[in-house]
Amino acid sequence: MNDPRTRIRPLLREGERLLWAGQPDPKVSFTGADAFLVPFSILWGFAIFWEFKAATTAKQPYFCS
């Protein structure tokens, strides 16, 4: 009963068919591109947070007098 197809088939409606059933490869968790993408996304998240905090806490957020 470990086969995903046997667990899903009873849930299918009339006329539905299962096209794919599976699981991700447990041996692959990161790729070579992730060595660049993960730090890059963390920096973008920090930059967005920084800008939001600067714009919402400054008395004059756009340097207008």
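In the predicted model, Trp 50 is exposed, with a relative accessible area of 54%. Its partner in an aromatic pair is Phe 46, a residue that is partly exposed at a relative accessible area of 48%. Both residues belong to helix α2, where a spacing of 4 residues places them about one turn of the helix apart.

A pair of aromatic rings is described by the distance of the centres and the angle of the planes. The count of aromatic pairs comes to 3. In one of them, the ring centres of Phe 36 and Phe 40 are 5.4 Å apart; because the planes meet at 20°, and planes under 30 degrees apart count as stacked, this pair is classed as stacked. Phe 36 and Phe 40 are 4 residues apart in helix α2 and are therefore separated by about one helical turn. Phe 36 is exposed, with a relative accessible area of 53%, whereas Phe 40 is partly exposed, at 39%. For Phe 46 and Trp 50, the centre-to-centre distance is 5.7 Å and the angle between the planes is 50°, a tilted arrangement.

Together with Phe 40 and Trp 44, Phe 36 forms one aromatic cluster.

Terms used. Residues numbered from 1 in each chain as written. Predicted model: local features only at pLDDT ≥ 70, side-chain atom pairs only at ≥ 80, totals over all residues. Heavy atoms only, no water. Phe/Tyr/Trp six-rings, centres within 6.5 Å; stacked < 30°, edge-to-face > 60°. Helix = DSSP H or I, 4+ residues; strand = E, 2+ residues; numbered from the N terminus. Buried < 20%, exposed > 50% of the residue type's maximum accessible area, 1.4 Å probe, protein only.
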